[in-house]
Amino acid sequence: MDEYNIKTVEEGLTKIQFPEFDKISSEAPVFYNPHMELNRDISILALQTFQKQENQDINICDLFGGSGIRGVRYKNEINGVDHVFINDISETANEYERHNVKLNNLEDIEIFQHDASMFLRMHRGEFDVIDIDPFGTPSPFLDSAGYCSRRNSLLCVTATDTSALCGTYKEPCIRKYNAKPYKSEYCHETGIRILAGFVALTLAKYSKSIEVKLSHSTEHYMRLYIEVKKGSKKSDECLKNIGYISHCKHCLYREQNKGLATSTPDICPECGEKLIQAGPLWLGDIQNAEFISKMIEESENKKLNTKEDVLKLLESCRVEAKSPATFYDVHKICKLLKISAPKLDLVFDNLEKEGFEAVKTHFNPLGIKTNAPLKKIKEIIKTLSSSN
Ligand code: SAH
């Protein structure tokens, strides 16, 4: 450890040290990304909410420890945690994980140096929470998570390969997630749904199913909190939420069709142009309002540096629960119609006045999630724009 200059950071109630680095990169001797603090703060609330829901002490696996910041924070800041298992393939990471456990005077944290999949398989069924927070894609580790996760456990998954999931690069998405992405204005939501769909399909191999409690796309990463259920019947039911989104880039029409081997329409019913398909992906719920409300309540008991942003994000995710699987971008519609953009709030007011549901989305500040048909949305926007 003496060979490096040491940097100290404080997140929540926890102090963490690691070798100083010039640039956030997987090349750093020990990885630490300050932009992920919001992700970790949200994890504290999600895991505490899960622990309370289970009403018993929980064992947590931090599968890609890095500096150990997650595992150490989980033990230090969440009540009702029994043991924390921190794993990392790097010996230097292990050194700092041990150091950071001591720095915070903690007990009942064990440190391991294994490949992630190997580690999970060595401890099958031992964890109430498995946190998968790797570099890039979580895809190669999901089989082991599926095989080893136990009934009613919480699976947390981060993906930083958003360019693949969002469809900037199609091939890597097909390779890693066996799904076709599409880069539309709502591609971040499609990306999260591809990731969730891939988790559901992978877990189904082991007769397990998923219930998404919370998901968010922030900066350059996506994060899912999933409750894992066991049983082949439930798993069959769960897979009924897999399907496809068909999108028209000419008029912005879209529709969704559930079913893994379902037929999807080729031609846009609105304008007659060719539709583009994305999927297979998850068309079930990606937010659970009740779970998120409990996380919001829980924030009152926690010291979190990013609390203001956490609450803004959670509130938005809570409101999005039960909304459609895509959203409209008002500016994109205005560009298509060659008109100036009306005030966003007026579009919401008018949709509601006409009896439709309309909510904002954390995916895009200009996004509208609504059950109104596209024709109606265009009509409202045109009227508002002309009276501007
Ligand atoms: N979760 C950490 C960041 C982890 S970065 C945080 O919140 O800060 C990813 C870590 O995974 C690195 O420390 C790297 O050494 C480790 N790693 C890479 N491949 C691995 C593998 N196959 N099995 C286990 N650990 C691995």
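The legends below describe close-up views of a predicted model.

View 1. Seven strands make up an open sheet of mixed pairing, ordered E5-E4-E3-E6-E7-E9-E8. Its edge strands, E5 (109–112) and E8 (208–218), each pair on one side only. From one strand to the next, the twist averages 15°.

**View 2. Strands E4 and E5 with helix H3.** Strand E4 (residues 81–87) pairs with E5 in the parallel sense, over four bridges. Within this view, Val-84 stands opposite Ile-109 of E5. Helix H3 (residues 91–103) packs on the sheet and touches both E4 and E5. The direction of H3 makes about 170° with that of E5.

**View 3. Nonpolar cores.** The largest nonpolar core has 53 residues, of which Leu-155, Ile-210, Leu-224 and Trp-282 touch the most other members. Helix H8 (residues 187–204) gives the most to this core, contributing nine residues. Leaving aside residues up to four places away in sequence, the contacts of Leu-155 include Ile-130, Ile-132, Ala-145, Val-199 and Leu-203. Leu-155 also touches Leu-224, Tyr-225, Ile-226 and Val-228. A second, separate core has 42 residues, among them Met-36, Ile-44, Ile-69 and Val-81.

View 4. In helix H7 (residues 170–177), the buried residues are Pro-172, Cys-173 and Tyr-177. They lie on the same side of H7 because they cover an arc of only 100° around the axis. Their cover includes strand E7 (153–159), helix H6 (162–165) and H8. Exposed residues Glu-171 and Arg-175 are on the face of H7 turned away from its buried side. Asn-178 follows H7 and has a positive phi, near 50°.

**View 5. The ring pair Phe-85 and Phe-112.** Twelve aromatic pairs are found in a search of the whole structure. The ring centres of Phe-85 and Phe-112 are 6.1 Å apart and the planes are at 20°, so this pair is stacked. Phe-85 belongs to strand E4 and Phe-112 to strand E5, and the pair links parts of the chain 27 residues apart. Phe-85 is buried, at a relative accessible area of 9%, and Phe-112 is buried at 16%. Together with Phe-119 and Phe-127, Phe-85 and Phe-112 form one aromatic cluster.

**View 6. The ring pair Phe-327 and Phe-363.** With centres 6.2 Å apart and planes at 10°, the rings of Phe-327 and Phe-363 are stacked. Phe-327 sits in the loop between helix H11 (307–320) and strand E13 (328–329). Phe-327 and Phe-363 are both buried.

Conventions: Residues numbered from 1 in each chain as written. Predicted model: local features only at pLDDT ≥ 70, side-chain atom pairs only at ≥ 80, totals over all residues. Heavy atoms only, no water. Pairing = 2+ DSSP bridges. Helix = DSSP H or I, 4+ residues; strand = E, 2+ residues; numbered from the N terminus. Axes fitted to C-alpha atoms, helices over the stretch in contact; angles between N-to-C directions. Contact = heavy atoms within 4.5 Å. Core = buried A, V, L, I, M, F, W, Y, C linked by side-chain atoms within 4.5 Å. Buried < 20%, exposed > 50% of the residue type's maximum accessible area, 1.4 Å probe, protein only. Arc of directions from axis to C-beta. Phe/Tyr/Trp six-rings, centres within 6.5 Å; stacked < 30°, edge-to-face > 60°.
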